[in-house]
Amino acid sequence: MSSSPRPAILVARAVFPEILELLRQHFEVEDNQADTVFSKQELARRLQGKAGAFTTGGDRVDAEVLAANPQLRIVANMAVGYNNFDIPAFNAAGVWATNTPDVLTESTADFGFALMMATARRMAESEHFLRRGEWTKWAYDMFAGSDVHGSTLGILGMGRIGQAIARRGHHGFGMKVVYHNRSRLPAETEASVGATWVDKATLLAQADHLVLVLPYTPENHHCIAAAEIAQMKPTATLTNIARGGIVDDAALAEALRERRIAAAGLDVFEGEPALNPALLSVPNVVLTPHIASATVATRRAMARLAADNLIAVLGAPGQGGQPLTPLNAGQFTPRA
Ligand code: 8YV
């Protein structure tokens with residue numbers, strides 16, 4: 001009995017060994033367990049002859065990469081955000097693009113809420129003080145921050161993660177929750193998460209704690225910059241778990257230094273993993289290295305979903321499967 005050759009795929013970054021094992025049951029796998037970060041040119045080169053790719057948010061896939069690899073049929077991102085994909089280019093090339101929604105929502109919301117709380121209650125700043133050996137006595141105003149419970153939570157972007165954060169604030173902490181999003185949620189969803197739509201200016205003016213959870217698009221570039229920060233309360237905090245580039249980090253660092261807002265919590269940065277050095281020298285910011293989805297269970301679920309997308313499209317010869325979580329369904333004619 002002759003068997004047709006198994007499709008070849010590239011797993012562009014290191015991943016859980018059991019996910020590689022699963023993929024190897026279906027495909028010829030080129031892995032990267034050394035976890036080298038490939039340049040776009042290197043990624044394009046390694047994709048030669050591959051029908052599928054498993055990527056992460058740092059791997060840029062655009063028209064150039066797709067044109068260099070006419071055999072490529074699917075690129076599965078292990079991330080819910082997909083600003084590293086040029087979706088019109090995928091459509092023009094006839095290639096599936098997939099992401100990993102839902103499986104990370106609750107873990108990412110937990111982290112967003114935790115980062116907001118750490119920011120409001122000055123946890124990083126006070127820990128650094130303690131580690132420096134500067135704690136010699138109690139003081140009435142030592143690291144006095146601002147309350148989370150009963151305050152106003154502002155959410156910019158109200159997709160799945162924004163709604164999960166709203167639920168935490170409303171049901172768990174008795175917060176008033178206001179949000180701004182291009183499209184308003186249905187009334188019953190607003191009621192269940194306890195959030196009220198407001199325009200962006202009202203959001204900026206009312207929020208005691210503003211959390212950013214919107215996708216990064218060209219329109220959203222620097223949508224929080226000096227002018228927006230100036231509209232916030234001087235006691236407010238800003239938390240960004242969305243994407244670098246949404247906030248003008250240089251303007252934010254200056255505003256923090258001048259105490260135009262109280263504090264910020266940042267998990268994502270413009271040009272990460274590089275950071276604007278000004279952020280490192282202001283005390284009133286909590287900095288984490290893009291780990292909002294990083295629980296073992298969630299990262300496993302994300303990797304599994306990305307793998308399952310590859311298997312659904314490439315793993316069943318002749319069945320022409322659809323991926324589980326496509327980004328461009330109905331927008332293109334898939335390559336044969
Ligand atoms: C990922 C994320 O860790 O899912 C996203 O959009 O930002 C994170 O969960 C990151 O993109 C790596 O793929």
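Predicted model: local features only at pLDDT ≥ 70, side-chain atom pairs only at ≥ 80, totals over all residues.

User: Which residues of α11 are buried?

Analyst: The helix covers residues 249-257. Its buried residues are Asp 249, Ala 251, Leu 252, Ala 253, Ala 255 and Leu 256.

User: And what covers the buried residues of α11?

Analyst: The cover includes two helices, α10 (226-229) and α12 (277-280). It also includes the strands β10 (237-240), β11 (263-266) and β12 (285-287).

User: Switching to the ligand. Which residues are around it?

Analyst: Thr 56, Gly 57, Met 78, Ala 79, Val 80, Gly 81, Leu 104, Arg 243, His 290, Ser 293, Arg 299 and Met 302.

User: How does that shell split by class?

Analyst: Five residues are nonpolar, five are polar and two are charged.

User: Which side chains have an N or O atom 2.7 Å from a ligand oxygen?

Analyst: His 290 has one at 2.7 Å. Ser 293 has one at 2.7 Å too.

User: What about the backbone of Val 80?

Analyst: A polar backbone atom of Val 80 is 2.7 Å from an oxygen of the ligand.

User: How much of the ligand does the protein bury?

Analyst: The protein buries 84% of the 330 Å² that the ligand exposes when taken alone.

Notes. Residues numbered from 1 in each chain as written. Heavy atoms only, no water. Buried < 20%, exposed > 50% of the residue type's maximum accessible area, 1.4 Å probe, protein only. Helix = DSSP H or I, 4+ residues; strand = E, 2+ residues; numbered from the N terminus. Contact = heavy atoms within 4.5 Å. Near = heavy atom within 4 Å. Polar contact = N/O pair within 3.5 Å; in protein donor to acceptor, adjacent residues only side chain to side chain. Areas by Shrake-Rupley, 256 points an atom, 1.4 Å probe, with all protein chains shown as cover. Nonpolar A, V, L, I, M, F, W, Y, C, P; charged D, E, K, R; others polar.
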